Amino acid sequence: MVVPDRNALVKLFSYYRDAETRGAGLLMKMMARVDDPEAQVLFSRHINDETRHAWMWTKRIKEEGALPVPVPDGYQRRLGKALGIPRSIIDLFALTVVVEERSQSRYSQHAASPACDEKTLDILRELTQDEKWHISWMEEWLYKLAAGQGIEARARDTLAEFRSVEAGVFAEMKEMERE
């Protein structure tokens, strides 16, 4: 097994923690814009997951004998700049689906790495399962809300566009990481 540098691990776990914290904040803002009682329950569960995930990464960082480190918000800033300000709740749901898909992908890739230790692998397995549910309910509600407004095609197009833009932003970030 490859043993990664402790400081690199702490930085990576801090990135993960930051993403989960930002996700919880976005979900709280979205929840205030959707009055449906069923959606309120789903948002509450999702927010609970996001904050629990942030805590799991915080604990993992502490297990390394460290504290979370500040991380630049390059990915979020670049993605926000590339997509512009979300104009509707449909845009917010599409954005959340895309970001959750990226989280699931990153966690799955990390779990498959020979440098992944057992403690981290346990966390990644749990989080990957949660991310599947997050993607599922958010995408389902994206289309449910769109159907209620008669804009299903626009929702599909928005999601496809956001996925494409996000893939480009992520590729840029990966290139920067390599350099």
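Colleague: In which helix is the place of Asp91?

Modeller: This is a predicted model, in which local features need pLDDT of at least 70, side-chain atom pairs count only at pLDDT 80 or more, and totals for chains, interfaces and linings use all residues. Residues are numbered from 1 along each chain as its sequence is written, and side-chain values use heavy atoms, with hydrogens and water left out. With helices taken as DSSP runs (H or I, at least four residues) numbered from the N terminus, the place of Asp91 is in helix H4, residues 89–112.

Colleague: Is Asp91 buried or exposed?

Modeller: Buried means under 20% relative accessible area, exposed over 50%, and partly exposed in between, with a 1.4 Å probe and protein chains only. Because its relative accessible area is 0%, Asp91 is buried.

Colleague: Which residue forms a salt bridge with Glu126 through its side chain?

Modeller: Side chains of opposite charge can pair when their charged atoms come close. A salt bridge here is a side-chain nitrogen of Lys or Arg within 4 Å of a carboxyl oxygen of Asp or Glu, and the N to O distance for the partner of Glu126 is 2.6 Å. The pair links distant parts of the chain, with Glu126 in helix H5 (residues 118–149) and its partner 74 residues apart from it in helix H2 (residues 37–63); that partner is Arg52.

Colleague: How many salt bridges does a search of the whole structure find?

Modeller: Among them is the bridge of Asp122 with Arg125, whose closest N and O atoms are 3.9 Å apart. The search of the whole structure gives a total of 16.

Note on methods: Helix = DSSP H or I, 4+ residues; strand = E, 2+ residues; numbered from the N terminus.
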